[in-house]
Amino acid sequence: MMVVKTLIVVLLFAYAILAQNIKNDAQLRLDLKLVSKQVCMGKPLVVSALLTNRTEDDIIINTGQIGYSTGFISFISYKDGGIGGEAFHIIGNNSDGRNPKFVVISPNKTYSQELSFILDSEFFRARRSYKMQIGYAQFKPQTYQNQNVWEGQVESNEIKFQIQHCKKINLTKTGRKVAN
């Protein structure tokens, strides 16, 4: 029964991603890349979000909206051949709204921003594989320097990572490394 519920959640998540605005996706492309070389429980997962202007005109974005939606799906394989997992999607405004930071992206140019997510044991499990995807969304009409800010939403590609239990390295008084 748990596998069926998880499958339904995964299918709903996939449908939401596919139902994005195709027209806007052609204007902006959002690529997600893993920056962290090792992904450790309790440590930040660092990713790079790259928004590319695919038009012949300048596009203005609000950088606080990068990561407006963030989704994670975990997968686990059971010894009997079955699979299961969990999915959760966070939708919210990363920007406080009072001080938006607007950036102009020239045609065929890319804006890059690093995002950091703490992988705590409340939502994440060590030795599990995860897929992650983020979105950029701007629904409120805004202007910057008398130009309209791009409106719509776009979802990134998926990245995959596995969370490890990483040993803490402490230095003793003599400067020798000791693993905990």
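## Aromatic contacts

Phe72, Phe117, Phe124, Tyr130 and Phe161 come together in one aromatic cluster. This is a predicted model, where local features need pLDDT of at least 70, side-chain atom pairs count only at pLDDT 80 or more, and totals for chains, interfaces and linings use all residues. Residues are numbered from 1 along each chain as its sequence is written, and side-chain values use heavy atoms, with hydrogens and water left out.

Rings of Phe, Tyr and Trp (its six-membered ring) pair if their centres lie within 6.5 Å; planes under 30 degrees apart count as stacked, over 60 as edge-to-face and the rest as tilted. That rule gives seven aromatic pairs. One of them joins Tyr68 and Phe139: the ring centres are 6.0 Å apart and the planes stand at 80 degrees, so this pair is edge-to-face. Tyr68 is partly exposed at 21% relative accessible area, and Phe139 is partly exposed too, at 47% (buried means under 20%, exposed over 50%, partly exposed in between, with a 1.4 Å probe and protein chains only).

Tyr136 and Trp150 make a tilted pair, with 5.8 Å from centre to centre and 35 degrees between the planes. Both of these residues are buried.

## Around strand 8

Strands here are DSSP runs (E, at least two residues), numbered from the N terminus. In strand 8, eight of the ten residues are buried, so the rest of the structure largely encloses it.

Two strands pair if DSSP finds at least two bridges between them. Strand 8 runs antiparallel to strand 12 (residues 159-162), with four bridges; here Ser129 sits opposite Gln162. Strand 8 and strand 11 are also antiparallel and joined by four bridges, and Gln138 has Gly152 as its bridge partner.
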